[in-house]
Amino acid sequence: MFGGKIVGSLFGALFALLLVPGGVVLLFWNEGRAVKTAQSLKEGQAAVVAASADTVDAGNDHKLVHVTGAALTGEELGDPMFKVSAKALRLKREVSMYQWKESKHKDGQNDTTYTYDKTWDTSLIDSSSFQQPNGHTNPSRMLADSFTTTAQNATFGVFKLPVQVIAKMPGDVALPLDGAMPAPVVQPGRKAQLYNDAFYFGANPGSPEVGDHMVRFTVLNTGTFSIVAMQTGDTFAPYPTHAGRDLLLVEQGDVDAAAMFQHAETNNKILTWVLRAAGLLLLNFGFMMFTLPARALVDFIPILGGIVDFGFAVASFLLSLIITAVTVAIAWLTYRPLIGGALLAVAAICVILLVMHLRGRKAVARTA
């Protein structure tokens with residue numbers, strides 16, 4: 001058992017060689033993306049002009065325009081596998097399966113336990129990698145894949161509505177299924193029943209079993225939308241900016257240009273902080289895995305193991321903060337020198353705290 005734990009910890013430490021560089025790359029890429037997006041939005045906000053969906057103004061050709069109008073289509077979209085159809089801008093099929101899911105838990109004595117629960121999931125959960133696969137086996141494949149089809153002949157006033165614009169349109173709603181329609185058979189012996197506007201493949205929807213499937217559908221109906229895009233003849237396309245990001249903004253309803261740009265700026269800030277947090281967590285996880293061999297050596301001494309784990313956790317988090325701050329600062333120095341300098345100062349403070357923490361641990365070790 002001890003030897004197996006040591007070997008496992010060494011593999012974990014090797015895996016960390018991928019996690020740490022991956023976290024740095026993610027952080028650096030994210031800052032470049034955030035700056036370019038912010039600059040592109042600022043550029044677009046200064047360039048956008050108002051246009052009407054009722055006429056094609058040749059003077060707006062290849063300009064960034066803001067248009068509000070009705071997105072319409074008479075096209076019947078269909079799912080060839082399940083024989084479901086609707087007049088809509090977009091039709092989506094979502095397939096979920098009832099499966100086993102493994103959860104990992106660690107107690108105060110550093111003992112790891114695994115629990116298994118059944119859940120609906122739209123992705124296949126590979127049970128062959130479970131710690132305890134016996135009695136927790138999932139099917140090897142889904143009944144069907146997810147599916148999306150989009151109207152090829154849609155209009156926006158007098159403009160043609162391209163697929164790439166429809167792809168960004170929000171507002172999908174559940175498609176009610178007609179109880180009179182024939183239940184599909186997509187595999188021999190597996191006939192569906194209608195349940196809560198979904199096709200249910202299984203014996204009893206009230207008591208699902210592993211391997212049961214539910215297939216739901218959503219549609220994007222016609223209606224009023226607001227678009228910020230480049231006008232190209234009688235259609236729209238993404239607008240290339242000097243900052244390097246193409247602009248294509250779409251919102252449901254009558255939304256003015258200023259509000260659309262403000263919403264895009266807010267979304268950019270949220271995504272930036274989410275990816276920063278993801279990069280920090282990736283680094284922290286990687287550094288914790290680097291310490292697995294050392295922690296494995298002392299885990300069999302309960303009190304000492306807990307102290308060592310806590311010390312490594314603090315050091316890993318501080319080191320992750322330092323690298324995150326330095327990476328973000330380096331990425332921003334080119335674009336925002338003042339912010340980049342401030343971040344470097346934060347990194348320096350973290351370095352000082354880490355050194356003080358390590359010196360404190362050495363002092364405790366000497367007096368012990």
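The model is predicted: local features need pLDDT of at least 70, side-chain atom pairs count only at pLDDT 80 or more, and totals for chains, interfaces and linings use all residues. Residues are numbered from 1 along each chain as its sequence is written, and side-chain values use heavy atoms, with hydrogens and water left out.

**Strand β15**
- Strand β15 spans residues 213–220.
- Six of its eight residues are buried, so β15 is largely enclosed by the rest of the structure.
- Buried means under 20% relative accessible area, exposed over 50%, and partly exposed in between (1.4 Å probe, protein chains only).
- Strands (E, at least two residues) and helices (H or I, at least four) are DSSP runs, numbered from the N terminus.

**Partners of β15**
- Two strands pair if DSSP finds at least two bridges between them.
- Strand β5 (residues 90–106) pairs with β15 over eight bridges, in the antiparallel sense. Here E94 has R216 as its bridge partner.
- Strand β14 (residues 199–201) also runs antiparallel to β15, with three bridges. F199 is bridged to V215 of β15.
- Strand β10 (residues 173–174) is antiparallel to β15 too, joined by two bridges. A174 stands opposite T218.

**The whole chain**
- The protein chain holds six helices and 20 strands.
- Of its 368 residues, 40% are buried.
- Among contacts (heavy atoms within 4.5 Å) with a separation of 6 or more, 67% join residues 24 or more positions apart.
- The chain exposes about 19900 Å², and carbon and sulfur atoms supply 61% of that. Accessible areas come from the Shrake-Rupley method with a 1.4 Å probe; for residues, only the protein chains shown count as cover.
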